Amino acid sequence: MAEFKPRVFIPNSFNPKSNVAANRVWKPAQIYVAPNSYSLEIYDRWGQRIFETSDETKGWDGKLNGEFAPTGVYTFQLRYRSIEGALVERRGTLNLLY
């Protein structure tokens with residue numbers, strides 16, 4: 001019997017001014033996540049939510065109110081369900097670099 005456990009890769013840093021287009025947006029890459037179950041939130045060091053999405057194809061471009069955010073450490077909270085329906089919550093940090 002095949003198992004379809006969700007697998008998620010979460011980058012630990014990104015540079016929105018990178019010369020490589022794929023490195024300009026921070027987003028987890030996943031497989032076997034149940035449709036319509038994805039939720040991603042990013043917070044600044046004061047705990048203010050600065051980005052959120054329920055679309056797994058969208059990521060944070062490193063901007064706040066149209067301007068590039070300051071370099072530093074930000075926190076994220078990721079929630080999704082496995083194909084079998086189990087809720088998965090992951091929290092961690094990411095580095096915004098220029």
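Is arginine 91 buried or exposed? I looked this up before anything else in this predicted model. Arginine 91 is exposed, with a relative accessible area of 60%. That puts arginine 91 in the exposed class, because the cut-off is over 50%.

**Salt bridges, whole structure**

I then searched the whole structure for salt bridges and found four. Side chains of opposite charge can pair when their charged atoms come close.

**Around glutamate 89**

I noted a salt bridge between the side chains of arginine 91 and glutamate 89, at 3.7 Å from N to O. Glutamate 89 also meets arginine 79 in a salt bridge, here at 3.5 Å, N to O. I checked where this second pair sits. Arginine 79 is in strand E8 (residues 72-81), and glutamate 89 is in strand E9 (residues 87-96). The pair therefore ties together parts that are ten residues apart in sequence.

I looked up accessibility for both residues. Arginine 79 has 28% relative accessibility and counts as partly exposed. Glutamate 89 is partly exposed too, at 41%.

**Around arginine 49**

My next entry is the salt bridge between glutamate 52 and arginine 49. Their side chains meet at 3.4 Å, N to O. Glutamate 52 counts as partly exposed, at 47% relative accessibility. For arginine 49 I read a relative accessible area of 46%, so arginine 49 is partly exposed as well.

Which residues do shared partners join into one network here? I have Glu41, Arg49 and Glu52, linked by salt bridges that share partners.

How values were computed
Residues numbered from 1 in each chain as written. Predicted model: local features only at pLDDT ≥ 70, side-chain atom pairs only at ≥ 80, totals over all residues. Heavy atoms only, no water. Buried < 20%, exposed > 50% of the residue type's maximum accessible area, 1.4 Å probe, protein only. Helix = DSSP H or I, 4+ residues; strand = E, 2+ residues; numbered from the N terminus.
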